[in-house]
Amino acid sequence: MKQHRVTIDAGRCVGCGLCAGVCAAHNLTIQNRKAKTLSEDCLMCGQCAAICPKRAVSISGCAEEPAERRGEARLNPREVLEVIRFRRSIRRFEQREIPREALARILEAGRLTHTAKNAQDVSFVVLEQEKDRVERMAVRLFRRLKPLANLFSPMARNREIDERFFFFGAPTAIVILARDRTNGVLAAQNMEFVAEAEGLGVLYSGFFTTAANASRAIRRAIQMPRGKRVAMTLVLGYPDVRFLRAAPRDALDVRYM
């Protein structure tokens, strides 16, 4: 991210020190009652620009101006727990397209997700028109591997690899690419919450993620950039099934020390 640069507007800066206090890179100091950067070696995380009460700190090269916070937006913890409690992986979908506005909000949740060292290394491939073709490529790969998997897994022996083995007829799948897999998985989690809020069902397709990373043909088909891998694949659509209760869970396993 060398195109970015932290700039201090000395005319606006009042030397309050808030920016230096939140700087994860310890790259800001206060000299002569003004903020000052110590070097160009910075995470460019934007904490300094986000906290400055006078908008004296800015970062160049960003796609948009920072949004102003309007009041407090807090989630209800009990409602969040209920969403998590009743969330199920969906494998039966209605034949209904996802509105572009809803899809844009899901992708925005992924874009806004924090990343380690502010890498911002996550990108997305939305499979719609090419979904069936790419799925067939993954099916051919898994059919070749199934005899070996049958030797070790009863689940593999009981499962037929049909033409909808990966996406189950859902209208859309989002392939999440990242250099650091953890960043992509974090993005997937936030995207799932927005998808649930949009009334969509979600499936994390670990099988397709494995197939894409193993197949050069699939990597070419989804135009995966060099240095990135598929971190996770989200299968999305309106659910054609309604679960009536939460699934059983083991007791909480926690130790306070």
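Angles under 35 degrees count as roughly parallel, over 145 as roughly antiparallel, 65 to 115 as roughly perpendicular and the rest as oblique. Helix 5 and helix 8 cross at roughly 85°, and they are therefore roughly perpendicular to each other. The model is predicted: local features need pLDDT of at least 70, side-chain atom pairs count only at pLDDT 80 or more, and totals for chains, interfaces and linings use all residues. Residues are numbered from 1 along each chain as its sequence is written, and side-chain values use heavy atoms, with hydrogens and water left out.

**Helix 5 against helix 8**

- Helix 5 covers residues 131–150 and helix 8 covers residues 206–214. Helices (H or I, at least four residues) and strands (E, at least two) are DSSP runs, numbered from the N terminus.
- The two axes come within 10 Å. Axes are lines fitted to C-alpha atoms, for helices over the stretch in contact, and angles run from 0 to 180 degrees between N-to-C directions.
- Helix 5 brings Val134, Ala138, Leu141 and Phe142 to the contact. Helix 8 meets them with Phe207, Phe208, Ala211 and Ala214. Contact means heavy atoms within 4.5 Å.
- By class, this contact has eight nonpolar, no polar and no charged residues. Ala, Val, Leu, Ile, Met, Phe, Trp, Tyr, Cys and Pro count as nonpolar, Asp, Glu, Lys and Arg as charged, and the others, Gly among them, as polar.

**Largest pocket**

- The largest pocket holds about 2,000 Å³ of space. A pocket is an open set of points on a 1 Å grid over the protein atoms alone, where a 1.4 Å probe fits, with protein on both sides within 12 Å along at least five of seven lines; lining residues have an atom within 4 Å of a point. Grid points are joined across faces, edges and corners, and a volume is the space filled by probe spheres set on the points.
- The lining has 43 residues, and Glu64, Pro66, Ala67, Arg111 and Leu112 are the closest to the centre.
- Helix 2 (47–51), strand 4 (57–59), helix 3 (77–86), helix 4 (100–112) and helix 7 (181–197) each give two or more residues to this lining.
- By class, the lining divides into 22 nonpolar, 12 polar and nine charged residues.

**Second largest pocket**

- The volume of the second largest pocket is about 400 Å³.
- Its lining has 18 residues, with Phe142, Met155, Arg159, Phe165 and Phe207 nearest the centre.
- Helix 5, helix 6 (154–158), strand 7 (201–204) and helix 8 each supply at least two lining residues. Helix 5 gives the largest share, four residues.
- The lining divides into 12 nonpolar, three polar and three charged residues.

**Single residues**

- Asn213 lies in helix 8. Asn213 is buried, with a relative accessible area of 14%. Buried means under 20% relative accessible area, exposed over 50%, partly exposed in between (1.4 Å probe, protein chains only).
- Leaving aside neighbours within four places in sequence, Asn213 is in contact with Arg219, Met224, Arg229 and Val230.
- Arg85 sits in helix 3 and is partly exposed at 44% relative accessible area. The C-alpha atoms of Arg85 and Phe208 are separated by 26 Å, with the two residues 123 apart along the chain.

**Positive phi**

- Most residues other than glycine have a negative phi.
- Met44 has a positive phi of about 55° and is not a glycine. Met44 is in the loop between strand 3 (34–37) and helix 2, and counts as buried at 8% relative accessibility.
- Asn118 also has a positive phi, near 50°. Asn118 lies in the loop between helix 4 and strand 5 (123–127), and counts as buried at 14% relative accessibility.
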